[in-house]
Amino acid sequence: MADTSLKEAIREAYASAPTKEIELLTIELNHPAFTEPLRVVRDNVKLTARLEETAPENPGEMVDFLPYAFDLDMPEMDEYGKPQITITIDNVGQDIMNYVEAAVRTRYKIDVIYRAYLKSDTSGPQNDPPMVMQIDSITATTKSITLVAGFSDLSSRVFPKQMYTLEQFPSLQTS
């Protein structure tokens, strides 16, 4: 199934594969225990790029993504099962480990946002909206850290989200 969230520029780059066009993959990790989001780019130089207007932190602003080597296994684009993304970051520094250690001490999950940019166009992510998932598991070694993230479990949520109570809606009471 085609990914309809991709902008025309990156679809064209995928289709024609021009040698001058480079796709830059980024991830952003957010958690209440973090002082600021952790943003990394799969490249060997820092990336300064604009976030989308709906970003949870710094919407519409130019932000820096730190260069890190990481692998990204994208989820299947099908209608079955719970899609998961696996992120493996190599040569993890103490900065990332401090973020992870702060997060695992709480009951909240880490949000991960995947954005793709073109090197020639950092005015906004090419996947709109960016893919937002929550980290389900973390495995760390001395050389790397592996994050497995999935979409939030919608089947366990209350529907409708708002509970209709007599205090809030007194006209529900029958006489």
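My entries on salt bridges and one surface patch follow.

First, the ground rules: this is a predicted model, where local features need pLDDT of at least 70, side-chain atom pairs count only at pLDDT 80 or more, and totals for chains, interfaces and linings use all residues. Residues are numbered from 1 along each chain as its sequence is written, and side-chain values use heavy atoms, leaving out hydrogens and water.

**Entry: salt bridges.** I searched the whole structure and got six salt bridges (a side-chain nitrogen of Lys or Arg within 4 Å of a carboxyl oxygen of Asp or Glu). One of them joins E28 and R115, at 2.7 Å from N to O. E28 is in strand β1 (residues 23–30) and R115 in strand β7 (residues 111–118), so this pair ties together parts 87 residues apart in sequence (strands are DSSP runs of E, at least two residues, numbered from the N terminus).

**Entry: buried or exposed?** I checked E28, and it counts as buried at 0% relative accessibility (buried is under 20% relative accessible area, exposed over 50%, partly exposed in between, with a 1.4 Å probe and protein chains only). R115 is buried too, with 0%.

**Entry: the network.** I found E28 and R115 linked with R39 and E52 in a network of salt bridges.

**Entry: another pair.** I also noted D64 with K46, at 3.6 Å from N to O. D64 is partly exposed at 38%, and K46 is partly exposed at 49%.

Entry: I saw L166 in the segment after β9 (144–150), and L166 is partly exposed at 45% relative accessibility.

Methods:
Helices (H or I, at least four residues) and strands (E, at least two) are DSSP runs, numbered from the N terminus.
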